[in-house]
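Please open the model in your viewer and keep the selection tool at hand.

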Amino acid sequence: MPISHGDQLFEMIQSLTKAEKRNFRLYAKRIQGESDAKFLQLFDLLEKQKDFDEETIIRKLKDSNKSQLSNLKRHLYQHILTCLRLMEIHKHEEIQIREWIDYAVILYGKGLYLQSLKLLAKAKSLANKINHDILQLEIVEFEKRIESRHITRSTTERMDDLQAESETHSNTNLSIALLSNFKLALQRLFINEGHIKTQEGRAKLEEHFRSKLPKQEEEAHTFFEKIHVYHAYYWYHYLLQEYDKCEEYAEKWVNLYASEPKMIEMDMDMYMIGMHQLLVTAFYLRNYPVFIKTLDRFEKFRKEVYPKFNYNSQILSFLFVHQGRFNRHFLEGSFQEGTGRTLQHALRRIRKYDNKLDAHKLLIFYFKIAWLWMGAGKPAQAIDYLNQILNHPGKALREDMQAYASLMFIMAHYDLKNMDFLDYVINNTARFISKMDDPSKLQKASIGFFRRLINAKPDDTAKLFLDFRKKLGELKAEEFEKRSFIFLDIESWVESKIQHKTLAQVVKERYERRLELTL
């Protein structure tokens, strides 16, 4: 057991639910026999604190000094983990299997080989049921060890089966390891370099994918082999901005889980990630039927299983479902409705999970909220959230998203007719974009347009908007500019100025035209 620092112990106690705290107190009294056990006293003191205060703890614990407190904290930390494990053992088959393996080790140590093998067979059956390839291999190797060292009267057929199982599980685990490594490499490539932006980059990635993709993917037959194959192909096509292919593999991913409900129960997070990827790509493609079907499915799933979610699953479900709700308003043009219940629910959840959300995820929410207010015709409220993005310390937000936030900031001030301030804002944004490693053509064209706009005579404004709309059409047709139009719908904003309509009206009319084509 590693040394547990006080703040780590405090954080763990604060994360416990009421039921977990109640169970721990019962557990502590049961093993200690006395309700005033020192580690239970420490638990009660830490549970009542709002901020960790070691000096107060030492003062309130009788006959304790700093050194004794350190040992007591370690003792308490271990007992909490033990109690949580006992609570979770019947909820998670993986924990149950590991316990049976531990029991088999104990039985083996006592020379009870046949009892040990019987328990291992039980564990293997459950591991097979939940597609846990690593545990299956571990169990088979333990069975082989027992069979090879002791006379168990097993048949030759039994020995042959163990060898075949060992080889199969070894190959499966190797395949999964190679595929997951490959998927992580593609994901890291996107994080470091973003989407492919040139034909040369495309050719290089295609060659890399063909030469490095593990050959095992062609023969993928187990559940997690298939999942990792779908994940690898998703990231490959995502890098190339081939969102129709992304949607295809995300859908395969979700449907594979749906075909085996037990696996959803085993790994709800991975299932939700798959639905999130499907929602994202359907949004990028403006594929409303797939988007709304997936969001409804996600909402229903979340409502049904929320009581079973652990804390991580609660956070993921919040991030994915609430982003989906925002994107639905962006697709439908229902911005005003979005500023009501959708926004208030999201803000409550942001406050609830504030200390668990990394800055990037939080700023992405602020970006979406700002666009929601822009669409609702409230640019001043949009600016409030954009200021939180632009004034955030460090580089929490991706460089391209920072640029889109700056462009939206300009759009909001233009809508408010803050012309005296715009020159300063545009110059700042132009400097930022010029220092970017690889700004998009849309970002550069937009800043040039805004510079011309604020210096133009009133009679020339309409022509500038028309010329810029034509330029946007040309850029949108370019293969590597697709993503630029996803994050900031400057096209609809420009159209609203040309048609003298609200942004919401333009988006809603576009949505209705697309919907008619699908009927």
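Select helix H14 (268-284) and helix H16 (311-332): each supplies at least two residues of the lining of the largest cavity. Helices, here and below, are DSSP runs (H or I, at least four residues; strands are E, at least two), numbered from the N terminus. A cavity is a set of points on a 1 Å grid over the protein atoms alone where a 1.4 Å probe fits but cannot get out, and lining residues have an atom within 4 Å of a point. Rolling a probe the size of a water molecule over the atoms shows where empty space is left. Now display His276, Leu279, Val280, Phe320, Gln323, Gly324 and Asn327, which line this cavity. Which helix gives the most to the lining? H16 does, with four residues. The space inside is about 30 Å³, where a volume is the space filled by probe spheres set on grid points joined across faces, edges and corners. By this rule there is one cavity of 30 Å³ or more.

This is a predicted model, in which local features need pLDDT of at least 70 and side-chain atom pairs count only at pLDDT 80 or more, while totals for chains, interfaces and linings use all residues. Residues are numbered from 1 along each chain as its sequence is written, and side-chain values use heavy atoms, with hydrogens and water left out.

**The whole chain**

Zoom out to view the entire chain, which has 26 helices and zero strands. Its C-alpha trace spans about 95 × 65 × 40 Å along the principal axes. Of the 519 residues, 51% are buried (buried means under 20% relative accessible area, exposed over 50%, partly exposed in between, with a 1.4 Å probe and protein chains only). Among contacts (heavy atoms within 4.5 Å) with a separation of 6 or more, 66% join residues 24 or more positions apart.

**Helix H17**

Next, select residues 335-352, which form helix H17. How far apart are its end C-alpha atoms? They are 24 Å apart, which agrees with the 26 Å that 18 residues should span at 1.5 Å a residue; the expected span is 1.5 Å times one less than the number of residues. Centre the view on threonine 342, where H17 has a kink of about 40 degrees. The bend at a residue is the angle between axes fitted to the seven residues ending there and the seven starting there. Threonine 342 is also one of the buried residues of H17, which include Phe335, Leu343 and Ile350.

Move to serine 116 in helix H7 (residues 113-129). Is serine 116 buried or exposed? It counts as buried, because its relative accessibility is 0%. Its side chain reaches the backbone oxygen of alanine 104 at 2.9 Å. Beyond its neighbours within four places in sequence, serine 116 is in contact with Ala104, Leu107, Tyr108, Phe142 and Ile146.

Then select isoleucine 57 in helix H4 (residues 54-60). At 2% relative accessibility, isoleucine 57 counts as buried. Its C-alpha atom is separated by 6.8 Å from that of leucine 45, twelve residues apart along the chain. Leaving aside neighbours within four places, its contacts include Leu42, Leu46 and Leu69.

**Two glutamates**

Select glutamate 88 in helix H5 (residues 66-88). Its side chain makes a polar contact with the side chain of histidine 92 at 2.8 Å (a pair of N or O atoms within 3.5 Å; within protein, one must be able to donate a hydrogen and the other to accept it, and residues adjacent in sequence count only if both atoms are side-chain atoms). Glutamate 93 is found in helix H6 (residues 93-109) and is buried, with a relative accessible area of 14%. Residues up to four places away aside, glutamate 93 touches Leu126, Ile130, Lys262, Glu265 and Met266.

**Two loops**

Finish with asparagine 131, in the loop between H7 and helix H8 (133-149). Although not a glycine, asparagine 131 has a positive phi of about 60 degrees, and at 16% relative accessibility it counts as buried. Lysine 417, in the loop between helix H20 (399-415) and helix H21 (419-435), also has a positive phi, near 60 degrees. Lysine 417 counts as exposed, at 66% relative accessibility.

Notes. 1 Å grid on protein atoms, 1.4 Å probe; cavity = no way out; pocket = protein on both sides within 12 Å on 5 of 7 lines; lining within 4 Å.
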